[in-house]
Structure formats: structure tokens, C-alpha cells
Amino acid sequence: MHGRVKIKSTAQQEEEKRKEREKKLKIYVAARDACFSKRKDGVWDDEALQLTQQLLSSNPDFATLWNYRREILMHLETVKDEDEVQKIYEAELFFLESCLKVNPKSYGSWHHRGWVSARLPRPDWARELSLCDRCLSLDDRNFHCWDYRRMVVKMSGVPVDKELEFTDRLIGSNFSNYSSWHYRSTLLPLLHPESPEPPSPSREPPQSSPPPSPQTHSHRVCEEQLLKEYELVQNAFFTDPNDQSAWFYYRWLLGRAEREEMISCVYVSRDEERVAVAFSRPVNAQSVGLLLVLDGQPQRVEWRSVHPRFKHSPVWICDLPPGTISDITNEHNLTVHWTEKPTHRDCALYTGRNESWCRDSATDQELFRSELSVEKTSVLQSELQSCNQLQELEPLNKWCLLTIILLMRALDPLGYEKETLAHFQTLKEVDSMRSAYYSDLCSKFMIENTILKMEYAEVRVFSISDKNLTTLCHLDQLLLVTHINLSSNQLQRLPPQFAMLQCLEVLEADNNSIESLEGVYHLPKLEEILLRNNKISTLADLQPLASCPKLKRLDLRGNPITQTSSIESQLAELLPSVTELLL
């Protein structure tokens with residue numbers, strides 16, 4: 001046995017590792033307790049700085065220690081001159097680099113580096129940009145580094161066009177760099193902003209108002225640059241059709257600018273002596289301020305949302321004092337002022353009319369699609385042809401199918417309706433895990449199409465039966481609808497937003513799976529509801545109907561509502577206005 005190396009058993013090796021871990025843990029705990037004790041006593045000395053450095057070197061995600069370290073550094077700023085503070089913070093940056101080597105995605109380390117860089121008397125921003133380049137070369141999706149880089153760029157004043165060139169390089173070397181695509185989407189509106197549209201006469205701001213800032217107008221890209229981006233992103237998804245990064249960016253390119261903040265509709269009812277106001281986005285009328293002027297006189301009214309659950313809503317209503325507009329022989333002029341914005345909307349209630357409204361149509365608002373120039377239409381048609389060619393090569397590529405749908409929506413939503421429905425069906429088959437998402441998105445598009453058809457026909461009837469709807473949306477656009485048909489779909493509830501249908505008189509929703517009627521709340525004109533073959537099972541499910549004062553006919557046949565000897569009397573007590581009840 002002489003001269004042979006003795007090999008330790010596995011058990012011995014494990015025991016030695018355990019003892020070594022215990023030893024390190026005791027040292028770590030002792031240093032931690034010492035830090036906590038010093039901080040409690042308000043001690044900010046060099047020893048505390050060394051102790052926190054020792055601990056953070058092995059565990060850079062200890063947020064409390066970073067906080068203590070900043071307290072120490074801020075104290076040192078008060079007792080050191082500028083050159084000494086410069087050296088302290090430069091040493092801190094070197095220490096942080098070692099922490100980032102331990103964990104390149106450490107929240108605490110990156111946050112602390114941003115804090116240090118902002119306080120450094122003479123920062124070296126070029127060095128910080130170089131550090132970001134090195135980190136991103138190792139992991140181009142390190143979002144901590146991307147956030148820090150944006151801060152460095154802002155502080156150092158790097159030109160936007162230089163940063164755009166930076167994204168060119170990263171995307172050119174790796175089309176799958178999602179972070180670079182996203183960063184590009186934030187830079188383009190700054191370098192190539194879309195020209196603002198002139199305001200329409202009815203919403204023209206006062207002469208004293210300052211012109212809108214281009215950065216706050218649309219956050220969109222001018223058409224010339226947009227067409228170039230289409231070509232860039234097409235190269236990317238043709239190179240790797242299954243990589244989602246370029247497809248997401250393409251979807252952003254096809255998106256539209258945020259809608260102008262405005263009053264989109266004012267409705268006045270003589271019978272209810274009620275005014276309803278619709279906005280282009282949800283607002284809190286009580287905080288943003290609405291002023292109602294009737295025949296030149298400001299009115300003291302209380303604005304409320306259409307449903308108790310809403311603090312923010314696109315539709316708000318108020319009741320006028322009794323007798324204010326009830327005389328049908330009188331004519332009235334109303335103006336609603338949105339005091340937060342330089343905008344208002346007028347509405348005239350003429351003699352002999354029980355109601356009146358003033359509104360923009362969905363097409364006027366470009367609510368669902370933007371008006372396309374000849375050049376952009378031509379380019380998008382070419383893009384659609386290219387995607388169709390790619391889809392022939394990659395028939396099961398979900399990104400390609402979804403982009404084809406979006407292109408069709410941008411070009412002609414009604415003309416491509418049949419093809420859109422077919423593509424959605426294919427999507428649900430090839431990506432079954434997201435079939436519910438595709439069903440909801442398809443429902444959204446079908447509702448948009450139906451609103452457009454309704455407006456083209458200039459009717460107040462909204463019918464979308466037997467379309468496999470799974471959700472309801474854009475209900476604020478149905479404020480003026482008197483008759484709605486949702487029969488033979490897959491709806492499970494009428495959501496609170498349904499209460500926006502303030503003019504609704506007849507609701508047809510047979511043959512769905514509706515369990516909740518929460519949205520049928522305080523609809524002042526609702527007279528008839530057809531709910532055959534749904535899943536209404538208790539009296540509590542029908543409680544929202546008690547708030548509809550004009551409800552006369554209710555058809556509940558085919559619902560599993562509990563059939564007891566007293567059910568009709570209970571319903572009569574719950575819904576005293578109903579004269580025709582079918583169970």
C-alpha cells in the first residue's frame with residue numbers, strides 16, 4: 001500500500017463540504033448581524049462599507065444591504081471633498097462589475113449602478129455604454145441592462161439616430177433579438193414622428209392654447225419610414241418564420257395611433273330627462289370635470305357612471321331637474337364642456353322630438369382602422385401577398401396566419417371577413433392552447449364589422465347572432481342602439497359594460513350559456529328580454545333586472561331556474577313591472 005494516494009469516500013467528501021458550508025454560513029451570519037447592528041446604531045464608517053461589500057460579493061440580491069450601503073455613501077459625500085467622492089464612486093462601479101459577474105441579472109446591482117452613476121461628480125458615460133455593449137453581447141435580452149442603457153443614453157445625450165443605428169447592428173446580427181425590436185419601436189416615433197392631424201372644427205382648441213407637442217400627439221411613425229420598416233421586418237420573418245420577435249414588431253407597425261381624447265357622443269332624452277355623454281376613452285367625470293350648459297345656462301347636475309362598479313367609464317349620465325326639457329313644444333340647446341380638455345360637444349333637442357344626439361361614427365373616428373394612403377395601401381397589399389406566399393410554405397405557422405388577419409383588417413375588414421373567419425379557425429387548430437384567445441379576438445373583429453355594417457345602414461339595430469361570440473366589446477359604441485340580437489352564440493355573461501346601452505329597448509340573447517346578467521343594470525328604456533336556453537339558475541341571477549323600470553316581457557324558457565310552486569310569485573315580487581313572464 002506504500003506510495004498509493006488515499007482516496008476519500010463519498011461520505012467523507014460530503015461531510016467536509018457540509019462543514020465548509022457551515023463555516024461560511026457562520027461568517028456570513030456574523031457579518032450580516034454586524035451590519036444590522038451598525039445600521040441600527042446609525043454607524044456609517046469604512047468598516048460598514050467593507051462588511052456590506054463582503055456580503056454583497058457573494059449575494060448581490062440583498063436589497064437591505066444595498067440600501068445601507070447607499071446611506072453610507074451619502075454620508076461620505078458630506079465629509080469628503082469632490083475628488084475623494086469621485087474616487088469612492090469609481091471604486092463602487094468596479095465593485096458592481098464584480099457583482100454583475102456573479103449575477104448579470106441582479107436587480108439590486110443594476111439599480112445601485114444607476115444610482116451611483118447619477119451621483120458621480122464626473123461620470124464617464126462612454127465607459128458605461130461600453131459596459132452595456134459587453135453585457136448585451138453576452139445576453140442580448142438582459143432587460144436590466146437595457147433599462148440601464150436607456151438611462152445612460154438619456155443622461156449622456158446620445159443622439160436618437162445613433163441609438164437607432166445600434167439597434168440596426170444588433171438586429172442585423174440576430175433577428176431574434178426581441179429587446180432590440182422593442183427599443184427600435186420607442187426610438188422611431190422620436191426620430192420620424194407622424195405629422196399631427198389638424199383638429200376638427202367642433203373640437204378646435206381656443207386660440208390661447210399652446211400647440212400640441214409632436215411627442216405627445218400620436219407616438220406613431222411617419223409613413224415614409226413605416227414603409228421602410230415593413231421591408232426590414234419582412235426580411236426577418238422570411239429568414240426565420242417561427243421566431244416571434246419580428247412578428248411582434250410587425251404587429252406594432254400595423255397598429256394605430258392612440259385615439260384623440262374627445263367627447264364622441266352626446267345623447268339627450270326628453271322622456272327620462274337624462275343626458276348621456278360618451279368619451280373616446282374611459283374617464284372619471286367627477287375628477288376631470290364636466291360642465292352641462294342648457295339654453296345658455298350652466299346646470300347643477302350630478303354625473304354618474306352607468307354601473308356602480310365603474311370609477312372610470314367611457315359613458316357617463318346625469319339627470320336634469322324635473323320639468324326642464326319635458327315640454328315637447330319647446331326646443332333646447334345643450335353643450336357639454338370637458339373642462340380638462342379644450343373640447344366640447346353641442347346637441348339640439350328640437351320641437352316634437354323625444355330624443356336627440358350628436359356623435360361621430362366609427363368610420364369618422366377611424367375607430368377600427370386608419371384611413372390608408374394610396375402608397376400605403378399598395379405596400380400593404382404587397383405585404384399581404386408575401387405573407388400568403390409564406391403561409392403556403394409554412395401552412396401551420398401561427399404568426400404568419402395572425403399577421404395575415406391583421407393585414408386584412410388594415411386593408412378591408414368587411415371585404416376580407418370570410419377569409420378572416422377561415423384563418424381564425426385554422427389558428428385554433430394549429431395553436432389549440434390559445435384557442436380561447438383567438439375566439440375572443442375573432443369575436444372582437446366580428447363586433448367591429450357589425451358596428452360598421454350597422455352605421456352604413458344607418459339603423460339602430462345591432463344583430464350578431466350565430467357567430468360563435470365568446471366575449472362582448474366596444475359596447476360604448478352601442479349607446480344609441482334600441483334593439484340588440486346576440487342569440488345563438490357562446491356568451492357566458494352580460495358584463496357590467498352592457499349598462500352603456502342606455503337606449504336599449506329589446507334584448508335577444510337566446511341559446512347562449514349566460515349565467516350572469518350583471519350588465520343589465522338600470523337600463524331606462526329596456527322593455528323586453530329573451531333569454532331562452534341559457535344557464536340562469538337562481539333568482540339572484542335575475543336581480544339586476546329589478547333596476548329596469550320599463551321591463552314588461554321576460555322569456556326564461558329552457559333555463560335551469562329552480563321550479564318551485566312559489567317561483568312565479570317570487571319573480572312577480574322581484575320584477576313588479578313585468579306583465580308577461582315565460583318560464
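The following legends describe an overall view and close-up views of a predicted model of one protein chain.

Residues are numbered from 1 along each chain as its sequence is written. Because the model is predicted, local features need pLDDT of at least 70 and side-chain atom pairs count only at pLDDT 80 or more, whereas totals for chains, interfaces and linings use all residues, and side-chain values use heavy atoms, with hydrogens and water left out.

**Figure 1. Overall view of the protein chain.** The protein chain holds 17 helices and 15 strands; helices (H or I, at least four residues) and strands (E, at least two) are DSSP runs, numbered from the N terminus. Its radius of gyration is 32 Å, well over the 25 Å that the globule rule gives for 583 residues, so the chain is more spread out than a compact globule. The radius of gyration is taken over C-alpha atoms, and the globule rule is 2.2 Å times the number of residues to the power 0.38. Along its principal axes, the C-alpha trace spans about 110 × 65 × 65 Å.

**Figure 2. Packing of helix α2 against helix α3.** Helix α2 (residues 46-58) packs against helix α3 (residues 63-79) at an angle of about 150 degrees, and their axes are 10 Å apart. Axes are lines fitted to C-alpha atoms, for helices over the stretch in contact, and angles run from 0 to 180 degrees between N-to-C directions. The two helices α2 and α3 are therefore roughly antiparallel; angles under 35 degrees count as roughly parallel, over 145 as roughly antiparallel, 65 to 115 as roughly perpendicular and the rest as oblique. The crossing of α2 past α3 is left-handed, that is, the near helix is turned anticlockwise from the far one by less than a right angle, clockwise being right-handed. From α2, Ala 48, Leu 49, Thr 52, Gln 53, Leu 55 and Leu 56 make the contact, and from α3, Leu 65, Trp 66, Tyr 68, Arg 69, Ile 72, Leu 73 and Leu 76 (contact means heavy atoms within 4.5 Å). These residues divide into 10 nonpolar, 2 polar and 1 charged; Ala, Val, Leu, Ile, Met, Phe, Trp, Tyr, Cys and Pro count as nonpolar, Asp, Glu, Lys and Arg as charged, and the others, Gly among them, as polar.

**Figure 3. Packing of helix α2 against helix α4.** Helix α2 also packs with helix α4 (residues 82-102), at an angle of about 25 degrees and with axes 8 Å apart. Helices α2 and α4 are therefore roughly parallel to each other. Gln 53, Leu 56 and Ser 57 of α2 meet Phe 95, Cys 99 and Val 102 of α4. This contact of α2 with α4 has 4 nonpolar, 2 polar and no charged residues.

**Figure 4. Packing of helix α9 against helix α11.** Helices α9 (residues 178-191) and α11 (residues 244-254) pack at about 20 degrees, with their axes 8 Å apart, and are therefore roughly parallel. The crossing is right-handed. Tyr 178, Trp 181, Arg 184, Ser 185, Leu 188 and Pro 189 of α9 contact Ser 245, Ala 246, Phe 248, Tyr 249 and Trp 252 of α11.

**Figure 5. Two open sheets.** Strand β7 (residues 332-338) joins β8 over 7 antiparallel bridges, and Leu 334 has Cys 347 of β8 as its bridge partner. Another sheet, of 5 strands, has the order β5-β6-β2-β1-β9, with antiparallel pairing.

How values were computed. Pairing = 2+ DSSP bridges.
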